[in-house]
Amino acid sequence: MSSGSHPRATSDQETVLAERRRIAGAVFEHAHRIADVGISAITAQIPGYSARDTGFRADVHDQLARLNRTGLEALVDERRVTAEDFAYVRRAAARRAQSGLTLVDYINAFRLGQQATWKTMLACAGESEIAREATLSMVVPLTRFCDLISTQAAHAYLEFQQYLAAEIGGDSRELVETLLEGRLPERGARLATANAHGIVAERTAPMVVVRVLVLGSATRRGESSDSDAEVRHLVCAATARVGVNGLRTLAVVRDGEILAIPVLGRGGGSDELCERLRAMRERLRAEGIALAVGVSPAISEVAALPRAHQQAGAALELLPEDGGVLALPQLSPFRYLMLRADDTARHLVDPRIGAALAEDRTRGGPLADTIRAFAAADMNLREAADALRIHHNTAKYRLGRVQELTGRNARSVNDLVELLVAIELHTPPAT
């Protein structure tokens, strides 16, 4: 290959990319018209859509237009689509499931919408060789986008459909009200629902109460104010799928929040459940839905559910404004008391200690970490150093530095307790 071939190859590649941007931009500008063509094909070929009212059709039209714009924006910007790009798809899927539309009809509508997009793209491309090459270069990324979106939509549809099936007849809501009175139904559909979720006796397998708040307004551009309630039901459907040991979680929307009672299973712990709740929160946060999640300690008696409900609410109160997941089973009594402390307790901290800890936090908190490790090691400095994976002399220097800055000797029990209290009072809850 001659040395002069590289600039030409680069030039050809740039030409293809420029043509691709031209075509994608033209199709983007026709997104509304593509949605017109798509909705016409959908209502003509899919009976489940043809009998719907104008509001339903307008919603489908909006989804088709947004799908096109999302995929083309990602293509032009040469970026991967994100979970936030999927947020409206999940909500639309929930609305289709709630309307009684079948999954087969829903997926077929996706197919017809994409056909309209490809036809417009071919029309915008033209007949030149460079246009054909640019169009071919978009086939793979746009096909991947369509597959990804349709998969996400199908999963969201099925998730919400399962949730709706549990809601039919109100058995889940009535069951939750009975359980929050500290008793198990004696017979009938509510008892069967309890058993299906692993609540099988007055003294049952370990379980917790989870309370979830959707933070702020869930309304997005172009969506109705009713979307706050819609999002709560979406979150409830997602929470119902956060179970352990193969058990589905009993979850309902109640008093503007989501209330769930996951059964952990015989010998089960809450750590796995909490990790799944955190993963759910992160996924929904990426879609623009912020959550605060409070988890009660584990209980094994139905009679203890009212208290667990209150404890989950207490956990919610400890979370910062941007939410998070706070699980009481993962807190020590000492940490819980510190989180419950008011401003007066914080003002009682010696200003020298507060200033030293503030400076320490800017450096990553090595002094606070050493104090904690020293206390956890029963004031054995060598064990504390080993736990921190630092040299014994480094740990000794840090404790000396603490005494120099605060006037407190960590080898004194009273001073050590005061330091630990100050550290916990100035540490936000881990979420």
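Start with Cys 236. Its relative accessibility is 0%, so Cys 236 counts as buried (under 20% relative accessible area with a 1.4 Å probe, protein chains only; over 50% is exposed, and in between is partly exposed). This is a predicted model, where local features need pLDDT of at least 70, side-chain atom pairs count only at pLDDT 80 or more, and totals for chains, interfaces and linings use all residues. Residues are numbered from 1 along each chain as its sequence is written, and side-chain values use heavy atoms, leaving out hydrogens and water.

Next, select Cys 146. Cys 146 is buried too, at 14% relative accessible area.

Now select residues 366–376, helix H16. Helices are DSSP runs of H or I, at least four residues, numbered from the N terminus. Colour the buried residues: Leu 367, Ala 368, Thr 370, Ile 371, Ala 373 and Phe 374. They pack against helices H15 (351–362), H17 (381–388), H18 (392–406) and H19 (413–425).

Finally, show H16 and H17 together. Their axes come within 8 Å and cross at roughly 125°. Axes are lines fitted to C-alpha atoms over the stretch in contact, with angles from 0 to 180 degrees between N-to-C directions. On the H16 side, the contact (heavy atoms within 4.5 Å) is made by Asp 369, Thr 370, Ala 373 and Phe 374. On the H17 side, select Leu 381, Ala 384 and Leu 388.

Definitions and conventions. Helix = DSSP H or I, 4+ residues; strand = E, 2+ residues; numbered from the N terminus.
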